[in-house]
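Here's a quick briefing on aromatic contacts and charges over rings. Have a look at the structure first, then read on.

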Amino acid sequence: MRALVFTGPGKASVEEVPPPVAEPGQVVIDVDRVGVCGTDVELFTGAMSYLESGESSYPIRPGHEWCGVVSALGDGVDPSWLGRRVTGDTMIGCGHCRRCARGRHWVCESLRELGIRGLPGALAEQLAYPAEYLHSLPESVGIEAGAMVEPGGNALRSVTAAGVEAGDRLLVLGTGTIGLLAALFGRARGAEVHLLGLPAGLPWARELGFEDVWTRETLPALPWDGVIDATHAASSPALALDLIEPGRRIVYIGLSSTPSTIDTRSLVLRDVTAVGILGASAGLPGAIEAYAAGDVDPRPLVAATVGLEEIVDVFEGRRTYDGGPKVLVDPRR
């Protein structure tokens, strides 16, 4: 079968690889759609911190935002999974350590991450995947939305962690996929949502119906009941701390390529809670539910759907698309 492979920094190719086999406890997925995100770009460029730490190494088969259909079952898997439309978690725990036993598998001591470290990813025609981490997709969640469940789970976890309720004012830093999805989930909760971003990303937010979109220079001096930092800027964590109302919550989900700093004296003296979000795991069911109910529609974020060969051109900068921040891949195209 065909799969996308990163063979080194800045090097991507579509290769023929052995088709997956469903080992005990696993299924094989015929992959329908895969989303490309900033983590995939960092793996491609070599900027990903896991490459420096040795937790990931080339060659890498990327892809962790996906949906597809179960086409084969390994021993011990419930037969009802066969033929079902599914997506799944990126974070695969060992199931035995103290963290897994306490329901936090996404910070497992021996964590594997699909398409990032330890497991071949979904940018391929088929995917072998542990059945324990599958999530069924209802008919009302189509192919595009199905591939957006994983970023949706991250965004939902961020909004939940921000502690905003109907009538609260939420500020989202960043107008990429996670930032825009967080804004959509915040709006679905009844929050007054504002977004801060670079000028190039502001039209995406306006197309989603958000009128309160700002640059750093135009941001009004308002009390912010929750702030979500979904940027890659090293200066954003400190900015979030400067902006948040005393006694409220900041959520950090974006990662900068260089270390960022905050003044913990401000954190303490203003009684602010800071929360870090790693992965979509606990947010996946809620994201599926919100998509199925129509409370949040991620499809307008998709700029294009391309094939495996075309996505190589995207990674290598030879092809760009107008529209939203997300590019999806049809691996069988």
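Predicted model: local features only at pLDDT ≥ 70, side-chain atom pairs only at ≥ 80, totals over all residues.

Residues are numbered from 1 along each chain as its sequence is written, and side-chain values use heavy atoms, with hydrogens and water left out.

**Aromatic pairs**
- Searching the whole structure turns up five aromatic pairs; rings of Phe, Tyr and Trp (its six-membered ring) pair if their centres lie within 6.5 Å, with planes under 30 degrees apart called stacked, over 60 edge-to-face and the rest tilted.
- Phe6 and Phe315 are edge-to-face, because their ring centres sit 5.1 Å apart with the planes at 85°.
- That pair bridges 309 residues, from strand β1 (residues 2-8) to helix α11 (residues 308-315); helices (H or I, at least four residues) and strands (E, at least two) are DSSP runs, numbered from the N terminus.

**The Phe cluster**
- Phe315 is buried at 11% relative accessibility, and Phe6 is buried too, at 0%.
- Phe44 and Phe315 make a tilted pair, with centres 5.4 Å apart and planes at 40°.
- Phe44 lies in helix α1 (residues 38-45), so its pairing with Phe315 ties together parts 271 residues apart in sequence.
- Phe6, Phe44 and Phe315 form one aromatic cluster.

**Charges over rings**
- Arg84 sits over the face of Trp81, 4.1 Å from the ring centre; the criterion is NZ of Lys or CZ of Arg within 6 Å of the ring centre and within 35 degrees of the ring normal.
- Arg117 lies over the face of Tyr50, at 4.4 Å from the ring centre.

Notes. Buried < 20%, exposed > 50% of the residue type's maximum accessible area, 1.4 Å probe, protein only.
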